[in-house]
Amino acid sequence: LRLDGEGAVAFATEGEKAQSKLEEVAEEAATGHPKTLLAKLDLATSRLNEAVSRLEKVDPAKFRFKWQQGEYLQTLGQALYRSGQLDRSLAVFGQLQQNLPGTQAARLADEYLALARRQMDQQRRDQVSATIERVRTALDSTGYQPPARDGLWTSRPLTCFILPFNAGGSV
């Protein structure tokens, strides 16, 4: 507990200058809280891969307090989100909501979940648009000409919708 406290005080008072102190404390500490603080420093300096790597080595069951586990999950979720690992960040933020419902961390998780889902929906729309463009280009390159309107056997045009598997809220 003393080492966790030393790390937290160094982080709060020295900021980025606390890196060496936190690394020293993280080696000896029984919990992952000093490693979470180191990952927060990595995140603040956009060393996203280092933050994710550091946090993946932490055993979340060894935290002494729920708020430490929440800080760990929040930092991991943010690192995953910022590094573009949206599926994994969704899982982490969902776990944060389950573990600490009604807290500020859970409300922040709600916002990140919404952002990640919107970004994933946009990626799916972009993929569909790219596929449509490839089909259009392929049809144009073969000289395909749609039949004249007068020769159609139907009285109304066919409309095609491509929806994601989970269409709720994506339109």
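A crossing of two helices is left-handed if the near helix is turned anticlockwise from the far one by less than a right angle, and right-handed if clockwise. Helices (H or I, at least four residues) and strands (E, at least two) are DSSP runs, numbered from the N terminus.

This is a predicted model, in which local features need pLDDT of at least 70, side-chain atom pairs count only at pLDDT 80 or more, and totals for chains, interfaces and linings use all residues. Residues are numbered from 1 along each chain as its sequence is written, and side-chain values use heavy atoms, with hydrogens and water left out.

Q: Which hand does the crossing of helix 5 and helix 6 have?
A: The crossing of helix 5 and helix 6 is left-handed.

Q: Why are helix 5 and helix 6 called roughly antiparallel?
A: Axes are lines fitted to C-alpha atoms, for helices over the stretch in contact, and angles run from 0 to 180 degrees between N-to-C directions. Angles under 35 degrees count as roughly parallel, over 145 as roughly antiparallel, 65 to 115 as roughly perpendicular and the rest as oblique. Helix 5 and helix 6 pack at about 160 degrees, with their axes 8 Å apart; they are therefore roughly antiparallel.

Q: What makes helix 6 and helix 7 roughly antiparallel?
A: The axes of helix 6 and helix 7 cross at roughly 155 degrees and come within 9 Å. This pair is therefore roughly antiparallel, and its crossing is left-handed. The residues in contact (heavy atoms within 4.5 Å) include Phe93 of helix 6 and Tyr112 of helix 7.

Q: Why is the aromatic pair of phenylalanine 93 and tyrosine 112 called stacked?
A: The structure holds 4 aromatic pairs. One of them, phenylalanine 63 with tyrosine 72, has 5.4 Å centre to centre and 40 degrees between the planes, and is tilted. Phenylalanine 93 and tyrosine 112 have 4.8 Å centre to centre and 15 degrees between the planes. Rings of Phe, Tyr and Trp (its six-membered ring) pair if their centres lie within 6.5 Å; planes under 30 degrees apart count as stacked, over 60 as edge-to-face and the rest as tilted, so the pair at 15 degrees is stacked.

Q: How do you know that tyrosine 72 and phenylalanine 63 are buried?
A: Buried means under 20% relative accessible area, exposed over 50%, partly exposed in between (1.4 Å probe, protein chains only). Tyrosine 72 has 5% and phenylalanine 63 has 10%, so both count as buried. Tyrosine 72 also touches Thr36, Leu55, Val58 and Pro60, among others, not counting residues up to four places away in sequence.

Q: Why does glutamine 69 count as buried?
A: Glutamine 69, in helix 5, has 16% relative accessibility and therefore counts as buried. Leaving aside neighbours within four places in sequence, glutamine 69 is in contact with Pro60, Phe63 and Asn99.

Q: What makes alanine 51 buried?
A: Alanine 51, in helix 4, has a relative accessible area of 0%, so it is buried. Not counting residues up to four places away in sequence, alanine 51 touches Ala39, Asp42, Leu43 and Ala79.

Q: What makes a set of residues a nonpolar core, and which members of the largest one touch the most others?
A: A nonpolar core is a set of buried Ala, Val, Leu, Ile, Met, Phe, Trp, Tyr and Cys residues joined through side-chain atoms within 4.5 Å. The largest has 26 residues, of which Tyr72, Leu76, Phe93 and Leu96 touch the most other members. Helix 3 (33-44), helix 4 (48-56), helix 5 (66-82), helix 6 and helix 7 each give two or more residues to this core.
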